[in-house]
Amino acid sequence: MVEQPRWRGRSGSILRAVYALCLLGATYNHWAIIVRHGLLWNYDGLPVVSAIFWTSLAFLDPAAVLLLWRRPRAGVAATMAIIVVDVVHNLWILARFSPPLLRTLLETPGVIAQIVFMLFVLATAPIAARSR
């Protein structure tokens, strides 16, 4: 019988730790904005729904981190939902308020990082959802 590498049985936990670190980084960014501009900042006149959504991420991201450890499947599902909605929303904002989208996207490395994280989460979610 072939022995599997030690990390193999913990791959779900390792992936959830990566997700958690990324979500905690995002949490820091959202709270830094709240501290700098206040809880009710309108993001320089962008739609109210967008401002509410971005502010809510200061609470949703750390909630997903807690779920990643307490209830891995729910945490992975929450992480997927948060990042997919965030990327779609941010692409819509860029396309609507800073066209053309491709040029603006190339000038916005934070959104590119979000897209990469989204693709990573979507590709690894089945493994991350496994708990041991």
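What follows is a tour of a predicted model, stop by stop.

**The nonpolar core**

Begin with the largest nonpolar core, which has 23 residues, and select Tyr-19, Trp-54, Leu-68, Val-76 and Ile-83, the residues with the most contacts inside it. Then colour helix H1 (11–37), helix H2 (48–70), helix H3 (72–97) and helix H5 (109–128), the elements that each give two or more residues to this core. Which helix gives the largest share of the core? That share comes from H2, with seven residues.

Next, keep Tyr-19 selected and show what it touches, leaving out residues up to four places away in sequence: Leu-68, Val-76, Thr-79, Phe-117, Phe-120, Val-121, Thr-124, Ala-125 and Ala-128.

**H1 against H5**

Now hide everything but H1 and H5, whose axes lie 9 Å apart and whose packing angle is about 150°. Angles over 145 degrees count as roughly antiparallel, and H1 and H5 are therefore roughly antiparallel to each other; their crossing is left-handed. To see the contact itself, select Ser-11, Gly-12, Leu-15, Arg-16, Val-18, Tyr-19 and Cys-22 on H1, together with Phe-117, Phe-120, Val-121, Thr-124, Ala-125, Ile-127 and Ala-128 on H5.

**The loop between H1 and H2**

Move on to Tyr-43, which lies in the loop between H1 and H2 and has a phi near 55°, a positive value in a residue other than glycine. Asp-44 lies in the loop between H1 and H2, and its phi is positive as well, at about 55°, although it is not a glycine. Are Tyr-43 and Asp-44 buried or exposed? Tyr-43 counts as buried because its relative accessibility is 12%, and under 20% is the cut-off for that term, whereas Asp-44 is exposed, with a relative accessible area of 69%.

With its neighbours within four places in sequence set aside, Thr-55 is in contact with Ile-34, Leu-39 and Tyr-43.

**A cis peptide bond**

For the last stop, select Pro-99 and Pro-100, which are joined by a cis peptide bond with an omega of about -5°. Pro-100 itself is placed in the loop between H3 and helix H4 (101–106).

Notes
Residues numbered from 1 in each chain as written. Predicted model: local features only at pLDDT ≥ 70, side-chain atom pairs only at ≥ 80, totals over all residues. Heavy atoms only, no water. Core = buried A, V, L, I, M, F, W, Y, C linked by side-chain atoms within 4.5 Å. Buried < 20%, exposed > 50% of the residue type's maximum accessible area, 1.4 Å probe, protein only. Helix = DSSP H or I, 4+ residues; strand = E, 2+ residues; numbered from the N terminus. Contact = heavy atoms within 4.5 Å. Axes fitted to C-alpha atoms, helices over the stretch in contact; angles between N-to-C directions. Parallel < 35°, antiparallel > 145°, perpendicular 65-115°, else oblique. Left-handed = near helix turned anticlockwise from the far one by under 90°.
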